[in-house]
Amino acid sequence: MTTTATDTINPYLISWNLTKRCNLKCKHCYLDAKELSDGKGDISTDEALKIVDELAAISPGAMLILTGGEPLLRDDIFEISQYAKERAMTVVLGTNGTLIDDELIRKIKDSDISGVGISLDSVSADYHDKLRGVDGAWAKTIASAKLLNDAQLDFQIHLTVTKDNRLELAEMARLAEELNAKSLNIFFLVCTGRGEEMTDLSPEEYEEALTTIDRLAVEYEGRLMVRARCAPHIKRITASESAYANITSGCIAGRGYIRISPEGQVTPCPYVPPTEDTPSILNTRLDKIFEADIFKSFAKPNYGGKCGECEFMETCGGCRARALATSGDVMGEDPWCAHTPSKDSPENSVEIVWNSLAKERLKKIPIFLRTMVKAGVEAYAKKKDIKEITPEIMATLRERFKGGRPN
């Protein structure tokens, strides 16, 4: 039987830009969101609920990230989130953090949202407000973090790395811990939308930032998860024995991860912009969308340049959106990577076997975590020259995530 892209695409993480409306004017916005007061162009509530039905049917148990623009500007945001929760999806909210007050805290709790991601780009109010385009944004976001913590709601801090704040990562980790965030997610800019006007990091600066993240992941293990996002190269950098090093994955765009635009168009990730030919989930079934050429290329990648020659091709693969933005070729070489490929010691030379008990334990893990857990456990096994995965090995990594360090 012929294998199609649909057979290999299993989105367990779905990011949905519900609106282009935003109350900020961020210089790096990939969506080019606007400061609008009305909902012109937004998908209707009925359309949104129909999309939730299709997502829940094709990706049962997936994590749904409701973001924007600023999703809290939609009056129906909690109706949509509750509807998705009732269909067994794990729902999280991605917000700039400036609109959260006591009333919204109550609505978040009542809607059973599992977590909130808030954007904070600096320990400096001046820099954050300049990047976000609105004075006072930093203070409001800090206040929101404290409200979330007081309400015992899990939240993460999202930081976008630029040339100007790349040396603040250690200070940001300290601030995130002080605010009692669950994790600090450090995103690396892909120059799309308004971000096209911003200057990229050099490969050397990118490498330095990834090395810092790996060090911070070890330093804060058990207290705060420090994670790189949109940076598959971290799999090459993480030579440490941290739990994060063993559980993080490379890019899952177009296979385990998809994005839905405010117009309903579906792309492999937020940084791959839709074109005039990109189908919309409003009029095309998701399984049919996955048959488009771009999804076929992500499902069965054929990397060009040094990415196609690299020993980390399977676990990293480079950033496809960055390759597309810089060369026009989504399977081209990632220009940010400073690594020189080697043919020695291929990463997948060791065959790993899961025993029956470990397989059963893996099935009990939520689907949006299962693939990353499987890849992480196998990476740990390879480092330790372990040929068979058992529940005991899985428990070891689980304890490390909880902050324990078994002998």
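Q152 sits in the loop that joins α6 (137-150) to β5 (155-161). In this predicted model, the phi angle of Q152 is near 60 degrees, a positive value in a residue other than glycine. Most residues other than glycine have a negative phi. Q152 is exposed, because its relative accessibility of 73% is over the 50% cut-off.

N180 also has a positive phi, near 70 degrees, and is likewise a residue other than glycine. The loop between α7 (169-178) and β6 (183-188) holds N180. The relative accessible area of N180 is 47%, so this residue counts as partly exposed; that class lies between the buried limit of 20% and the exposed limit of 50%.

A further positive phi, near 60 degrees, occurs at D112, which follows α4. Helix α4 spans residues 102-110. At its N-terminal end, α4 is capped by D101. A side-chain oxygen of D101 lies 3.2 Å from the backbone nitrogen of E103.

Three residues of α4 are buried, namely L104, I105 and I108. They lie on the same side of α4, because they cover an arc of only 105 degrees around the axis. The packing partners of these buried residues are α3, β3 (90-95), β4 (115-119) and α6.

Most peptide bonds are trans. The bond from G68 to G69 is cis, with omega near 20 degrees. G69 belongs to the loop between β2 (63-67) and α3 (77-86). Helix α3, at the end of that loop, is among the elements against which the buried residues of α4 pack.

F298 presents a buried site. This residue is part of helix α12, which covers residues 293-299. F298 counts as buried because its relative accessible area is 2%, under the 20% cut-off. Beyond its neighbours within four places in sequence, F298 contacts A253, G254, R255, P268, V272, R320, V330 and M331. G254 is 44 residues away from F298 along the chain. Even so, the C-alpha atoms of F298 and G254 are separated by 5.4 Å.

Methods. Residues numbered from 1 in each chain as written. Predicted model: local features only at pLDDT ≥ 70, side-chain atom pairs only at ≥ 80, totals over all residues. Heavy atoms only, no water. Helix = DSSP H or I, 4+ residues; strand = E, 2+ residues; numbered from the N terminus. Buried < 20%, exposed > 50% of the residue type's maximum accessible area, 1.4 Å probe, protein only. Contact = heavy atoms within 4.5 Å. Arc of directions from axis to C-beta. Polar contact = N/O pair within 3.5 Å; in protein donor to acceptor, adjacent residues only side chain to side chain.
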